Amino acid sequence: MKWTDRIGRRLKLNDLQILMIVAESGSMGKAAKALGISQPSVSKAISDIEHAIGVRLLDRSADGAALTVYGQALVMRGRSAFDELSQGFRDIDTLSDPTVGQVTIGCPEAIASGILGAVLVRFCTQFPRVVVNVEEANNLAREYQMLRERNVDLLFGSITRPFVEEDLDAQVVYEDRPYITTGATNRLALRRRVEVAELLEQQWVLPGESILRSVLEEALEARGFALPKIGVKSYSAHQRISLLATGRFVSADSRSVLRYNGAASSVILLPVDLPIRSWPVAIVTLKGRTINPVVQTFVDCVRDVSKAIGNTKLRCRKFKNPEAPAVKREAEEDWGR
């Protein structure tokens, strides 16, 4: 039996509730009094349900009304249905509260090990009853299906410009860019100026396919060079920073990783003249999907924390080479020093 064919268009929840009150009180008269309506209204409601279903639900007598076996089956399921509806309203109340619930986000490892840490510290301090689930989405452009299948509430990471996904909405929260980096013991670390050709002689550690790598490749091509041979390809910002500490590698790290990843405090920025462009980092959501208040609260927190990228002073210890004024000035401008 299809719900719409036989029941859905004729069975009313109000009538079902009346049947349940009759079953509890044992008579139509008592049910009418409890509901504050007339007894004929109660009788009509019961008749309407019986007509819709096609079976007798009550045995009526001078002593009152008792459920038939059909009535007992319907009332038992009816109680379950009303309980589920009540739970649904409680769920709505919870979802309407911006201080409780869950947020599920997808982001690349560089975001998770960088700015997201600062976001989580602030958000979880302000909203301790909210659970934040972080899912892996290392190449954001390939992970949009996570949004379309509603496996995440939002994606947070780098996007291409222009953004061409018609069913998705992208809110840019800051602009990122890479810096050429190495460890303190690398022979280039104390140089006032590093030529591009010298960089190409070094062993590189870089992420695989990514916006950061594409931007670096564009900058090298603008100077007439190809992307150098990569010794280690690693998606992990933590691992790249650890390898830099050995002094054996050079790399390119984004501004947000250098700002928010504590392990990056010993990284040296190399003074290299490259026309490096920035790229947008955005919160991506599914168009037409209602964002519940707790998710919107999280989005607001991301935007607030992201403002610091343009306003935070860069710690001088990131520049262990005091003879690198060009890159120091460029970085200080980026951090708004």
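Student: What makes strand S8 and S9 a parallel pair, and how many bridges join them?

Tutor: In this predicted model, where local features need pLDDT of at least 70, side-chain atom pairs count only at pLDDT 80 or more, and totals for chains, interfaces and linings use all residues, strand S8 (residues 203–206) is joined to S9 by 3 bridges and the two run parallel. Two strands pair if DSSP finds at least two bridges between them, so the 3 bridges between S8 and S9 meet the criterion; one of the contributing residues is Val 205, whose bridge partner in S9 is Val 232. Residues are numbered from 1 along each chain as its sequence is written, and side-chain values use heavy atoms, with hydrogens and water left out. Strands (E, at least two residues) and helices (H or I, at least four) are DSSP runs numbered from the N terminus.

Student: Why are S9 and S11 said to stand at the edges of the sheet?

Tutor: The open sheet has 5 strands in the order S9-S8-S10-S7-S11, with mixed pairing. Strand S9 (230–233) and strand S11 (268–269) each have a single partner strand, so one side of each is left without a neighbour in the sheet.

Student: Why is the link between Asp 48 and Lys 44 called a salt bridge?

Tutor: The term requires a side-chain nitrogen of Lys or Arg within 4 Å of a carboxyl oxygen of Asp or Glu; the closest N and O atoms of Asp 48 and Lys 44 are 3.0 Å apart, so the pair qualifies. Being 4 residues apart in helix H4 (residues 39–53), Asp 48 and Lys 44 are separated by about one helical turn. The whole structure holds 13 salt bridges.

Student: How is the lining of the largest pocket divided by class?

Tutor: The lining has 14 nonpolar, 9 polar and 4 charged residues, where Ala, Val, Leu, Ile, Met, Phe, Trp, Tyr, Cys and Pro count as nonpolar, Asp, Glu, Lys and Arg as charged, and the others, Gly among them, as polar.
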